[in-house]
Amino acid sequence: MTLFIDGDAFPNLLKPIVLKAIERLSIPTVVIANKKINIGKSNYIKDIVVSQGADEADHHIVALCKEGDLVITADIPLADRIISKKAHTIDHRGELYSVDNIKQYLAMRNLMESIRESGEMTGGPKVFGQKDAHAFANQFNAFLAKHCK
């Protein structure tokens, strides 16, 4: 299994959690973003910087990702594309997306986007905090315990 990290908007609180797991389990990891994102120093981490532009990092992640890999991203359309490749994805707040739930998340995301485009003020996502990092750590570690034997 290769771990892919969608580096754009990757929360700083998650970096030590992910780095510790990468080192402990020797997980090959690829961080992809449109600028260098420092997760931490590890021989298992490879950085790929893609050109600026909408979804450039997403396209690159989809191209490299294979069945059974894990992608960390908060991008729901990207998560949908990853799941269609029979890979796994966890968001920053610990949600494990699956074939059973991704279409619901995608529909909600699209609904909220259309509401915003109509001029309605919906507000952004809540501030990422320690509780979110804890939920991510629990889900991430449970996933690794199941898939990295």
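Select helix H1 (residues 15-25) and helix H5 (residues 130-147): their axes come within 10 Å and cross at roughly 20°. Axes here are lines fitted to C-alpha atoms, for helices over the stretch in contact, and angles run from 0 to 180 degrees between N-to-C directions. H1 and H5 are therefore roughly parallel to each other; angles under 35 degrees count as roughly parallel, over 145 as roughly antiparallel, 65 to 115 as roughly perpendicular and the rest as oblique. H1 passes H5 in a right-handed crossing. A crossing is right-handed if the near helix is turned clockwise from the far one by less than a right angle, and left-handed if anticlockwise.

The model is predicted: local features need pLDDT of at least 70, side-chain atom pairs count only at pLDDT 80 or more, and totals for chains, interfaces and linings use all residues. Residues are numbered from 1 along each chain as its sequence is written, and side-chain values use heavy atoms, with hydrogens and water left out. Helices (H or I, at least four residues) and strands (E, at least two) are DSSP runs, numbered from the N terminus.

Now show the side chains between H1 and H5. On the H1 side, the contact (heavy atoms within 4.5 Å) is made by Ile17, Val18, Ala21, Arg24 and Leu25. H5 brings Ala133, Phe136, Ala137, Phe140, Asn141 and Leu144. By class, this contact has 9 nonpolar, 1 polar and 1 charged residues. Ala, Val, Leu, Ile, Met, Phe, Trp, Tyr, Cys and Pro count as nonpolar, Asp, Glu, Lys and Arg as charged, and the others, Gly among them, as polar.

**The cores**

Stay on phenylalanine 140 and look at what surrounds this residue. Leaving aside neighbours within four places in sequence, phenylalanine 140 is in contact with Leu3, Ile17, Val18, Ala21, Leu70, Ile72 and Ile90.

Which residues have the most contacts inside the largest nonpolar core? They are Leu3, Ile5, Val18, Ile39, Ile72 and Phe140, in a core of 22 residues. A nonpolar core is a set of buried Ala, Val, Leu, Ile, Met, Phe, Trp, Tyr and Cys residues joined through side-chain atoms within 4.5 Å. Buried means under 20% relative accessible area, exposed over 50%, and partly exposed in between (1.4 Å probe, protein chains only). Colour S1, H1, strand S2 (29-33), strand S4 (70-72) and H5 to see the elements that give two or more residues to this core. H5 gives the most, with 5 residues. Apart from this core lies another, of 13 residues, among them Val30, Val62, Ile82 and Ala87.

**Helix H3 and its two partners**

Next select helix H2 (residues 56-64) together with H3. The two helices pack at an angle of about 15°, with their axes 10 Å apart. H2 and H3 are therefore roughly parallel to each other, and H2 passes H3 in a right-handed crossing. Asp58, His59, Ile61 and Val62 in H2 meet Leu78, Arg81 and Ile82 in H3. These residues divide into 4 nonpolar, 1 polar and 2 charged.

The axes of H3 and H4 come within 9 Å and cross at roughly 155°. That makes H3 roughly antiparallel to H4. The crossing of H3 and H4 is left-handed. H3 makes the contact through Ile76, Pro77, Ala79, Asp80 and Ile83, and H4 through Ile102, Lys103, Tyr105, Leu106 and Arg109. The residues of this contact are 7 nonpolar, no polar and 3 charged.

Alanine 107 lies in H4 and, at 47% relative accessibility, counts as partly exposed. Draw a distance from alanine 107 to isoleucine 76: the C-alpha atoms of these residues, 31 residues apart along the chain, are separated by 9.8 Å.

**Loop stops**

Go to the loop between strand S1 (3-6) and H1, where alanine 9 is found. Phi of alanine 9 is near 65°, a positive value in a residue other than glycine. Most residues other than glycine have a negative phi. Alanine 9 is exposed, with a relative accessible area of 69%.

Proline 11 is in the loop between S1 and H1. Is proline 11 buried or exposed? At 12% relative accessibility, proline 11 counts as buried. Not counting residues up to four places away in sequence, proline 11 touches His92 and Phe128.

Finish at lysine 86, in the loop between helix H3 (76-84) and strand S5 (88-90). Lysine 86 has a positive phi of about 60° although it is not a glycine. With a relative accessible area of 59%, lysine 86 is exposed.
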